[in-house]
Amino acid sequence: MPGNETIQPVSHVLLDAAPAGLADWYAAPVTGSQAVVLLGVAQQVIQQRLRSGVCSFQVQVLAMICQWWLRSDVQAAHDELVQMTASAHQAALLQLVYGQLLASRKLVPAKQQLTSGFRRAASLLTNAEYFRLLRRHEMLGMLVFGASPALAQDLPALLAEAAVIERLQRGSRPGHLHTHLDTLG
């Protein structure tokens, strides 16, 4: 895994004061040392923002992501952030990010989290973002999720695996099924 290329987009976006994109992927696996460094940065920014009275929600989401990659139990951090959400954007972002983290390790609750996050985000997305997120979630829905965490994978690997599963299934079902009749006709 090439150094900072993996964490730069996530860290920059979630450290910014501007709302993070809801159609972006935030669950790219990072090494333990990258997560420790990024968590330290996030904790410093959280403290600065608390002192100045500025919202630190997105930075706290970043801290949760770092804790996930450090193999910490993030359920308590997630539950605390659920209580802190102050907008539809924050609620959607949290649910999507948590679903992405679960999907990166192919854990069962991922589908439900991603579906709920998509519903929350739908009205906040541009048309292009809506369809990008819709297609991504449809593809991720092809994966086999389990109760035990699988080896962490980044989005391209997950989508490649889902594409193989989709191709195999397409050969075994009659015709093409439209799963979203409201958007496809």
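**Figure 1. Overall fold of the chain.** The chain contains nine helices and zero strands, where helices (H or I, at least four residues) and strands (E, at least two) are DSSP runs numbered from the N terminus. The model is predicted, so local features require pLDDT of at least 70 and side-chain atom pairs count only at pLDDT 80 or more, whereas totals for chains, interfaces and linings use all residues. Residues are numbered from 1 along each chain as its sequence is written, and side-chain values use heavy atoms, with hydrogens and water left out. Along the sequence, the pattern reads α-α-α-α-α-α-α-α-α. Of the 185 residues in the chain, 44% are buried; buried denotes under 20% relative accessible area, exposed over 50%, and partly exposed the range in between (1.4 Å probe, protein chains only). The chain exposes about 9,800 Å², of which carbon and sulfur atoms supply 58%; accessible areas come from the Shrake-Rupley method with a 1.4 Å probe, and for residues only the protein chains shown count as cover. Among contacts (heavy atoms within 4.5 Å) between residues at least 6 apart in sequence, 68% join residues at least 24 apart.

**Figure 2. The largest nonpolar core.** This core comprises 55 residues, and Met-64, Ile-65, Val-97 and Leu-101 have the most contacts inside it. The elements giving two or more residues to this core are α1 (8-15), α2 (32-52), α3 (57-69), α5 (88-104), α6 (110-121), α7 (127-140) and α8 (155-170). Helix α3 gives the most, with 10 residues. A nonpolar core is defined as a set of buried Ala, Val, Leu, Ile, Met, Phe, Trp, Tyr and Cys residues joined through side-chain atoms within 4.5 Å. Apart from its neighbours within four places in sequence, Val-97 is in contact with Tyr-26, Val-61, Met-64 and Ile-65.

**Figure 3. Surroundings of Ala-35.** Ala-35 is located in helix α2 and counts as buried, at 0% relative accessibility. With neighbours within four places in sequence set aside, Ala-35 is in contact with Val-30, Cys-66, Trp-69 and Leu-70. The C-alpha atoms of Ala-35 and Gln-67 are separated by 7.4 Å, although these residues are 32 apart along the chain.

**Figure 4. Helix α7.** The 14 residues of α7 should span 20 Å at 1.5 Å a residue, and its end C-alpha atoms are 20 Å apart, which agrees; the expected span is 1.5 Å times one less than the number of residues. The buried residues of α7 are Tyr-130, Leu-133, Leu-134, Arg-136, His-137, Met-139 and Leu-140.

**Figure 5. The aromatic cluster of Phe-118, Tyr-130 and Phe-131.** These three residues form one aromatic cluster, and the structure holds three aromatic pairs. Rings of Phe, Tyr and Trp (its six-membered ring) pair if their centres lie within 6.5 Å; planes under 30 degrees apart count as stacked, over 60 as edge-to-face and the rest as tilted. Phe-118 and Tyr-130 form a tilted pair, 5.1 Å centre to centre with 50 degrees between the planes. Because Phe-118 lies in helix α6 and Tyr-130 in helix α7, this pair ties together parts 12 residues apart in sequence. The rings of Tyr-130 and Phe-131 have centres 5.2 Å apart and planes at 85 degrees, so this pair is edge-to-face. Phe-118 counts as buried at 12% relative accessibility, as does Tyr-130 at 19%, while Phe-131 is partly exposed with a relative accessible area of 40%.
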